[in-house]
Amino acid sequence: MSAFAQTTPTTPADLRLVPQSETQIKLSFAPIVKNVAPAVVNVYASRKVVQQRRVSPFFDDPFFRRFFGQPGGGGFDRPRERVESSLGSGVIISRDGTVITNHHVIKDADEVRVALSDRREFDAEIVLLDERTDLAVLKIKGEGPFDHTTFAESDSLEVGDIVLAIGNPFGVGQTVTQGIVSATARTQVGVTDFQFFIQTDAAINPGNSGGALVDMEGKLVGINTAIFSRSGGSNGIGFAIPAHMARFVARAADQGGKVQRPWLGATVQMVNSEIAEALSLDRPRGVLVTAVFDESPAQDAGLQVSDLVVAIGGKEVTDPNSFGYRFATKMIGDETEFMIIRGGKEIALPISLVPAPETVPRDTRELVEFSPFEGATVMNLSPAVSTEIGLEGVFEGVVITAVRRGSTANQVGLRPGDVVRGINEQVVESTRMLETVTKTPPRVWRLEIERDGKVSQLILR
C-alpha cells in the first residue's frame, strides 16, 4: 500500500474536551512539536534570469565605445545574468524523502535545496508541479530514512479544533504557532483553481508557504498556503490546502508524476435565493447543472440540465468550488455517487471516473513570427486539454497555454487560457492554421479572443 494512501483516524468528536482545571491549561504542545518538527523543512529555490541593461545612447557612437570599452548597438550592453531566489517551507511525507510544498515556492526554479531541522542540507529533484492546486512534490537527493509525518483525514476537522502551523516565516528559522480552525471549506479565496481551504488563526507569514498544519495528534491536516493581509504579515486569517487534496497530488507523483483528474462533461452554477425559491427549496443548497455534453460520463449516467447536485460521494457540495474540489479529488478508475434532486425527489446517480479524451492532437507550438501572438504557446483544444487547464465546457479551437514575458503577446495583453476564435474574420480551427496566418501579417489585425466565456474583439495596427 502506498504511503500516500494512508489515513489516520482522528479523535472522536465526543472526546474533544475543554480544559477543566489549571493543570490542564498548563499542558504543553511540546510532545507534538518534537514529533512533527523534524519532518518540516526549509525550501530554497533559485533561478537564473538573463537581463539586458540599458546604457546611455552615447555608447552607440564608436568613439565612446572604444574610449570607455563599452559594447554598443541599440543602447543595450551584453546580457547580464542574475540569480533570483525564494524561500518557503515543505513537509516530508515519506521515509524515502518525498516532500510536498507549494507550487509558487519553486515556480520556474533551476535549483531546489531543502534544509532539515537538524541543519543538514540536500539538493532536491522536482517530481511534480501542479499549478492548479498550487502544490508541488520534491524528492530529496540523499540517503534516508528521513523523519516524516502522515496524513490525517482533513474532512474530519471541525471549526474550533486546535491546530499548529510549522514553517520558516521571514527566514528566521523554524517557528511554531497555534490557533483554531475558523472554517473547514472556505471557497471564496481566489488563490488556486480548486478553492476549498482550511481557515485558521494560527499565525502564517511569508516563508510559511508549503509548511505543515497539524492536528493535536501530530498528523498533517493541511499545507499552509496563503494569508489575508493588507500589511504582508499575519492578521489571523490564514489558509491551508486540505490534506485530502495534498494526498491526491502526492499519490499522482507516486504513480507516474502526472496529475490526472476525472472528466464529468457537465457545467454547473451557484444556487442563489431566487433559484432556490424556483426549485421550492427552503434554502440555497447544492449546484445547478447548466449543460451536459455528448458522449460524456455525465450523459452516460443520466445527469440532466436543471438537476440539483447536493452531494458527491456522500460529501455535501454547497457551491461550484466545493463541487469542483469533491469531484477533482476522486481517483480515475473508481466510481462515485452524485446525490441529485430532480422534480423534488432525491436520486442517486453512479458516475464513472474516467480521464478526459484527447479527441484531437494538441500539437503544441510556440509562435515566433512577428505578430500579436509572438511569444505565445498554443494548443489544440480537446476535453483532455480543457480539463488540464480548467476551461470547463470549451472543447474546440486553439487555446493559449503560456505567454513569454516581454513578448509581443504579453505586451498586447494576451493571457494563458485565452481561446483564439478568429483573425480578420477567419475562424481559427487549429494551431497549424494559426501559425500559417501569422506568417503573412496584414495591415490591421482584428482578433476575436474568448476569455472567461466572453468573446471580445481586439484591433491592432
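This is a predicted model: local features need pLDDT of at least 70, side-chain atom pairs count only at pLDDT 80 or more; totals for chains, interfaces and linings use all residues.
Phenylalanine 122 sits in strand E5, residues 121-130, while phenylalanine 146 sits in the loop between E6 and E7, so the pair ties together parts that are 24 residues apart in sequence.

A second pair is made by tryptophan 263 and phenylalanine 395. Their ring centres are 6.0 Å apart and the planes are at 80°, so this pair is edge-to-face. Tryptophan 263 belongs to strand E13, residues 262-263, and phenylalanine 395 to the loop between helix H9 (383-389) and strand E23 (398-403), so the parts tied together here are 132 residues apart in sequence. Tryptophan 263 and phenylalanine 395 are buried. With Phe293 they make up one aromatic cluster. Over the whole structure, a search finds seven aromatic pairs.

Now the overall make-up. The protein has 461 residues, and 45% of them are buried. It contains eleven helices and 27 strands. If we take contacts between residues at least 6 apart in sequence, 60% of them join residues at least 24 apart. The accessible surface is about 23,600 Å², and carbon and sulfur atoms account for 49% of that.

In soluble globular proteins, nonpolar side chains tend to be buried together. In this model the largest nonpolar core has 32 residues, and the ones with the most contacts inside it are Leu135, Leu220, Ile223, Met245 and Val249. Several elements each supply at least two residues of this core, including strand E6 (135-140), strand E11 (220-227), helix H5 (243-254) and helix H8 (320-328). Which element gives the largest share? That is H5, with eight residues.

Leaving out neighbours within four places in sequence, leucine 220 is in contact with Val91, Ile93, Thr149, Thr150, Phe151, Ala152, Ala212, Leu213, Val214 and Ala243. Apart from this core lies another one, of 18 residues, with Val41, Ile92, Ala109 and Ile140 among them.

Ile162, Ile180 and Met216 make a nonpolar surface patch of about 210 Å². Of these, isoleucine 180 is found in strand E8, residues 175-186, and it is partly exposed, with a relative accessible area of 35%.

On to charges. The count of salt bridges comes to 16. One of them joins arginine 247 and glutamate 153, with the closest N and O atoms 3.3 Å apart. This pair links distant parts of the chain, since arginine 247 is in helix H5 and glutamate 153 in the loop between E6 and E7, 94 residues apart. The cut-off for buried is under 20%.

Arginine 365 has two partners to mention. With aspartate 363 it forms a salt bridge of 2.9 Å, N to O. Arginine 365 is buried, with a relative accessible area of 17%, and aspartate 363 is partly exposed, at 29%. The other salt bridge runs from arginine 365 to glutamate 435, at 2.5 Å, N to O. Here arginine 365 is in strand E21 and glutamate 435 in helix H11, 70 residues apart, so to speak two distant parts of the chain linked. Both of these residues are buried. Elsewhere, salt bridges that share partners join Arg113, Glu121 and Asp123 into one network.

That brings me to helix H11 itself, my last item. Why is H11, residues 431-438, described as largely enclosed by the rest of the structure? Because six of its eight residues are buried. Those are Thr431, Met433, Leu434, Glu435, Val437 and Thr438. They pack against several strands, including E21 (365-366), E22 (376-380), E23 and E26 (445-451).

Methods
Residues are numbered from 1 along each chain as its sequence is written. Side-chain values use heavy atoms; hydrogens and water are left out. A nonpolar core is a set of buried Ala, Val, Leu, Ile, Met, Phe, Trp, Tyr and Cys residues joined through side-chain atoms within 4.5 Å. Buried means under 20% relative accessible area, exposed over 50%, partly exposed in between (1.4 Å probe, protein chains only). Helices (H or I, at least four residues) and strands (E, at least two) are DSSP runs, numbered from the N terminus. Contact means heavy atoms within 4.5 Å. Rings of Phe, Tyr and Trp (its six-membered ring) pair if their centres lie within 6.5 Å; planes under 30 degrees apart count as stacked, over 60 as edge-to-face and the rest as tilted. Accessible areas come from the Shrake-Rupley method with a 1.4 Å probe; for residues, only the protein chains shown count as cover. Patches are made of residues with over 30% relative accessible area and no salt bridge: like charges are joined within 9 Å, nonpolar side chains (Val, Leu, Ile, Met, Phe, Trp, Tyr) within 5 Å. A salt bridge is a side-chain nitrogen of Lys or Arg within 4 Å of a carboxyl oxygen of Asp or Glu.
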